[in-house]
Amino acid sequence: MEVRPAILYIGPSVSWKGFLHAIRSEGFVAVACIAEDYHGGPMNAFLPFADLRKPDKLKELGFEALIEHREPYRILEQARTLESSLSIRFEGVLRANEADTAVIDFVAAGLGLPHNPLSTVLARRDKAAMKEAVSEANIRHASFVRAVNREQVADAVQRVGLPIVVKTPSCASSSDVFVCNSSDMAMQRAEMILTKASPWGEQPSYVLLEEYLEGPEYAVNTFADGRGRSVVTDVWAYERRETQEGNVLYSSVRSMDPV
């Protein structure tokens, strides 16, 4: 029997239909995986999880099978079983959700597919780990401090200065990011972050406090081929404003020439 190439698509969300169309148009079998359910949180509004759990709807949407596990080991185990039962061979693992970033590397490694180094898994979502990676590469960055209680937050404000940026460790965009102009505001925002789950359903173990940097903000996207070559694909300039409550609101974004 012919073995068909397949893609494991973890956590289809938001623009999942476009990804699915691309997977199928290239001749791959699409297999969906639900690694996180977000416990009925706000992200569920963007996720087709309810339909994916219905066998008739699964095929109608364009997926050939569904894996539903939280642990990478179990996902890998089920993926190997599907390879045998469906006569497929996984040639790639994709993810759509921030919360599934680490999962794809563990699964891809287990399937013998290209993946980011497992030693850097934490640095792809955890903001303090990101900064530590940047520091180890001798790249300039804003100073930062981890804090787990009010006393440590107050100490961080003394060390870093005001205004100070208070962030949740792992989230997206400016969600739970605050610019604080006083120690009291920083402690209030830190306490709020530490006592509630993120939009992805995660409970932060610490709060990140960063030096506030003046000037324009840019986002630079790159693509690396795993062989030492990195290419800048696009650059974006953000315009934002900060409210009296410390919220960071983005008003517009425009594409820049990456050259």
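I looked up Ser87 and found it in the loop between H4 and S4. The model is predicted. Phi of Ser87 is near 55°, a positive value in a residue that is not glycine. Is Ser87 buried or exposed? Ser87 counts as buried, because its relative accessible area is 14% and the cut-off for buried is under 20%.

I then checked Asn138, which is not a glycine either and has a positive phi of about 60°. Asn138 lies in the loop between helix H6 (127-136) and strand S5 (144-147). Its relative accessible area is 71%, so I list Asn138 as exposed; the cut-off there is over 50%.

Next I looked at Pro163. A cis peptide bond joins Leu162 to Pro163, with omega at about -10°. Pro163 sits in the loop between helix H7 (150-160) and strand S6 (164-167).

On to the cores. I find 22 residues in the largest nonpolar core. Leu8, Val31, Phe90 and Val93 have the most contacts inside it. Elements giving two or more residues to this core include strand S1 (4-10), helix H4 (72-86) and strand S4 (88-95). A second core is separate and has 16 residues, including Val145, Val153, Ile164 and Cys180.

Last, the hairpin. Strands S9 (residues 217-224) and S10 (residues 230-242) pair in the antiparallel sense over 8 bridges. Ala224 stands opposite Ser230 in S10. I note 5 residues between S9 and S10, and in the turn Gly226 has a positive phi of about 80°.

Note on methods
Residues are numbered from 1 along each chain as its sequence is written. This is a predicted model: local features need pLDDT of at least 70, side-chain atom pairs count only at pLDDT 80 or more; totals for chains, interfaces and linings use all residues. Side-chain values use heavy atoms; hydrogens and water are left out. A nonpolar core is a set of buried Ala, Val, Leu, Ile, Met, Phe, Trp, Tyr and Cys residues joined through side-chain atoms within 4.5 Å. Buried means under 20% relative accessible area, exposed over 50%, partly exposed in between (1.4 Å probe, protein chains only). Helices (H or I, at least four residues) and strands (E, at least two) are DSSP runs, numbered from the N terminus. Two strands pair if DSSP finds at least two bridges between them.
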